[in-house]
Amino acid sequence: MKAPLGVILAGGLARRMGGGDKGMLMLGGQSLLSRVIERLEPQVAGLAINANGDAGRFAEYGLPVVADSIEGFAGPLAGVLAGLDWAAEQGADHIVTAAADTPFFPADLVPRLQLAAETEGVPIALAATPHPKRGMLRQPTFGLWPVALRDDLRAALTDGVRKIVQWTDSQGAALAPFAVQGFDPFFNVNTPEDMTRAEELLTGEKA
């Protein structure tokens, strides 16, 4: 499998943070979005941001910005579709998605997603981490997605499907497990308290 394109999902409304772009929040003097770009860009053949509204607010990153084609802030599954449509225009076969509010995700995300899909012979792979009470917890915004399924995804969204795993379960999806060493590497910033925790984790990484 050749290197996929990367799509950063930044189209959320950030209600628990009071609105705005969570990716623009600063962590250790660097935006969350910038940290996600640094982690994903070396793993993919090209990169785009999925976001809605004025694309000019992301100009400093020098990346294409692709908006949802499904109206009404339909959630991350609509962002996946926007990324797949963009990838089709580039002649790519697959994309890997990452959330803009998750600054510590693994630096080997892409090869492990590819390996999981190839090993199980299924079209989609999702990252997963162990949870002490809930077992293996899927991280559905971190996935490997084939461009060939974009029309099926479009039809599902048109029919009202919004939950990522509802659609991936219908297609066949492998899990790529990642270890939790001290904290979940897919820890994401949803609230001001989460940002405080992210600052503590960043300090620990540098220690």
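This is a predicted model: local features need pLDDT of at least 70, side-chain atom pairs count only at pLDDT 80 or more; totals for chains, interfaces and linings use all residues.
Two packed helices are described by the angle between their axes and the distance between the axes. Here the helices are H2 (residues 76–90) and H4 (residues 150–158), whose axes come within 10 Å and cross at roughly 150 degrees. Angles over 145 degrees count as roughly antiparallel, and H2 and H4 are therefore roughly antiparallel to each other. Their crossing is left-handed. On the H2 side the contact is made by Leu-77, Ala-78, Val-80, Leu-81, Leu-84, Asp-85 and Ala-88, and on the H4 side by Arg-150, Leu-153, Arg-154 and Leu-157. Of these residues, eight are nonpolar, three are charged and none is polar.

The aromatic rings form five pairs. In one of them, the ring centres of Phe-104 and Phe-183 are 5.5 Å apart with the planes at 75 degrees, so the pair is edge-to-face. Phe-104 lies in the loop between strand S6 (94–99) and helix H3 (109–120), while Phe-183 lies in the loop between S9 and H6, so the pair ties together parts 79 residues apart in sequence. Phe-104 counts as buried, at 5% relative accessibility.

Phe-142 and Phe-186 also form an edge-to-face pair, with 4.9 Å between centres and 65 degrees between planes. Phe-142 is in strand S8 (residues 135–146) and Phe-186 in the loop between S9 and H6, so this pair ties together parts 44 residues apart in sequence. Both Phe-142 and Phe-186 are buried.

Ring pairs link Phe-142 and Phe-186 with Phe-105 and Phe-178 into a cluster. Phe-178 sits in the loop between strand S9 (173–177) and helix H6 (192–206), and Phe-178 is buried, with a relative accessible area of 3%. Beyond its sequence neighbours within four places, Phe-178 has contacts including Pro-106, Leu-109, Pro-130 and Phe-186. Pro-130 is 48 residues from Phe-178 in sequence, yet their C-alpha atoms are 7.8 Å apart.

Key:
Residues are numbered from 1 along each chain as its sequence is written. Side-chain values use heavy atoms; hydrogens and water are left out. Helices (H or I, at least four residues) and strands (E, at least two) are DSSP runs, numbered from the N terminus. Buried means under 20% relative accessible area, exposed over 50%, partly exposed in between (1.4 Å probe, protein chains only). Contact means heavy atoms within 4.5 Å. Axes are lines fitted to C-alpha atoms, for helices over the stretch in contact, and angles run from 0 to 180 degrees between N-to-C directions. Angles under 35 degrees count as roughly parallel, over 145 as roughly antiparallel, 65 to 115 as roughly perpendicular and the rest as oblique. A crossing is left-handed if the near helix is turned anticlockwise from the far one by less than a right angle, and right-handed if clockwise. Ala, Val, Leu, Ile, Met, Phe, Trp, Tyr, Cys and Pro count as nonpolar, Asp, Glu, Lys and Arg as charged, and the others, Gly among them, as polar. Rings of Phe, Tyr and Trp (its six-membered ring) pair if their centres lie within 6.5 Å; planes under 30 degrees apart count as stacked, over 60 as edge-to-face and the rest as tilted.
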